[in-house]
Amino acid sequence: MSMYIENNLQQNSVNSKEYQIYLEQCHSNKVDPLTAEALLSKIKNHKWLLSEKLGRDVGMKIATLDYLENTEPLGQAHVEPSGLPLIAGLEAERIDRSVWDTIADSQPPKQVVNKRIIMPLTQADLASKHAVVPPRAIIFFGPPGTGKTHFVKAIAGVLQWWFVEVSPSMLMADGEDRLAANLKNLMEQVRDLENALVFIDEFEEIAGNRDTSSRIEKTITNEFLKQVPLLKDRPHKNLLVCATNYIRQLDSALLRPGRFDCVIPVGSLDDQSRRRIFEHFLADTNRRDIDIDRIISEIPLFTPAEIEYLFQKVRQEAFEQECVQGRDCRVTTAMFMKVIPTIRQTLNDEIFEAFQQDCDEFTRY
Ligand SMILES: Nc1ncnc2c1ncn2[C@@H]1O[C@H](COP(=O)(O)OP(=O)(O)O)[C@@H](O)[C@H]1O
Ligand SMILES: [Mg+2]
């Protein structure tokens, strides 16, 4: 191992990449960078605890040895955030930081998310100086395919927190009658997680309006109304993020201030954001020179999901052509232009108008 890493270990200034090399060379354990990073933060804590226990300052090497021998054997550790598994089948994922960069700075609500969610969490001291309380519970709403899930993953990526997705169907897996109990169980565990983002998609399915819903749905909504404030009472670093295509169907009590800290719309893209997504998919496409400006001007209402589908179609076409012709076939601007009119679009005037009304009525951050 290099003197440099050795030195940094002694100085307690080793970074996760160097720590990964150290684990591999000195403990014959190959771990991925994220595991090394997660382990490093635990070891720093363990070093402190062990020093307290022994009444002398121990170094990173001793702390690592002691931790691996006595606390968590390497390989089993750190695949799940503390407190997991929540309920059977739930998995924690690591999201790459680069997902955030696939979203153009001009794409709403990137700036809002950055200022209101990410900065207060990453600049905690400054936030506390200004008495800015970082949000704990957030709702994203907007038409399907507009990038809600993508935003949520991007946040987990930037924060380098665990991403844990819960779908309403998971909560209903053992029958509707167990839904409220499962939800309570889930929320009890979520509130004790550290460095985790818990995502509930299709939120309207479990938090529907109590006036129009069945008895079971009422119980669930009530459970939620109870659980969200309990989550916010805990000092842990975690976020509950819910997404819905149908904000109007949510119970109005949930939408009042005090429950969710932010209610954020994710809607149409501007040309710059559409271009960023287009270029993202173009990078993996076998293609000729593409007239991007022309294509972008042809798809002013395409959602990210539709851009993705457009690429699926042109890539398939190039693939099929090559299968038949037996020579390199590349996607051309003309192929895009041919496919564009065949793609059914989600966003039309009516949906836009309804979304605009939802924005006026529900947005809060
Ligand atoms: N900024 C982006 N860059 C690349 N792909 C994106 C971007 N935003 C969304 N997508 C892709 O578009 C598709 C639809 O987005 P998604 O987040 O699932 O929408 P929603 O949750 O609003 O229905 C997904 O496959 C997603 O990965
Ligand atoms: Mg989604």
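Visitor: In what order do the six strands of the open sheet stand?
Guide: This is a predicted model, in which local features need pLDDT of at least 70, side-chain atom pairs count only at pLDDT 80 or more, and totals for chains, interfaces and linings use all residues, while side-chain values use heavy atoms, without hydrogens and water. Residues are numbered from 1 along each chain as its sequence is written, and chains are lettered from A and ligands numbered from 1 in the order in which they are written. With strands taken as DSSP runs of E of at least two residues, and helices as runs of H or I of at least four, numbered from the N terminus, and pairing requiring at least two DSSP bridges between two strands, the open sheet shows mixed pairing and the order β1-β3-β4-β5-β2-β6.

Visitor: Which residue of β6 stands opposite I138?
Guide: β6 (262–265) is an edge strand that pairs on one side only. Strand β2 (residues 137–141) joins β6 in the parallel sense over four bridges, and the residue of β6 opposite I138 is C262.

Visitor: Which domains each give at least three residues to the shell around ligand 1?
Guide: The domain assignment, whose bounds come from an automatic or database source, divides the protein chain into domain 1 (3–70), domain 2 (92–267) and domain 3 (271–346). The surroundings of ligand 1, meaning residues with a heavy atom within 4 Å of the molecule, comprise 15 residues, with G145, K148, T149, H150 and E308 the closest. Among the helices, α7 (148–159), α12 (271–282) and α14 (304–325) each supply at least two shell residues, and the domains asked for are domain 2 and domain 3.

Visitor: How much of the accessible area of ligand 1 does the protein cover?
Guide: An N or O atom in the side chain of E308 lies 2.4 Å from an oxygen atom of the ligand, and a polar backbone atom of H150 lies 2.8 Å from a ligand oxygen atom. Of the 550 Å² that ligand 1 has on its own, by the Shrake-Rupley method with a 1.4 Å probe, the protein covers 81%.

Visitor: Is Q160, with its positive phi, buried or exposed?
Guide: Most residues other than glycine have a negative phi. Q160, in the loop between α7 and β3 (162–166), has a phi of about 55°. Since buried means under 20% relative accessible area, exposed over 50% and partly exposed in between (1.4 Å probe, protein chains only), Q160 at 12% is buried.

How values were computed: Polar contact = N/O pair within 3.5 Å; in protein donor to acceptor, adjacent residues only side chain to side chain.
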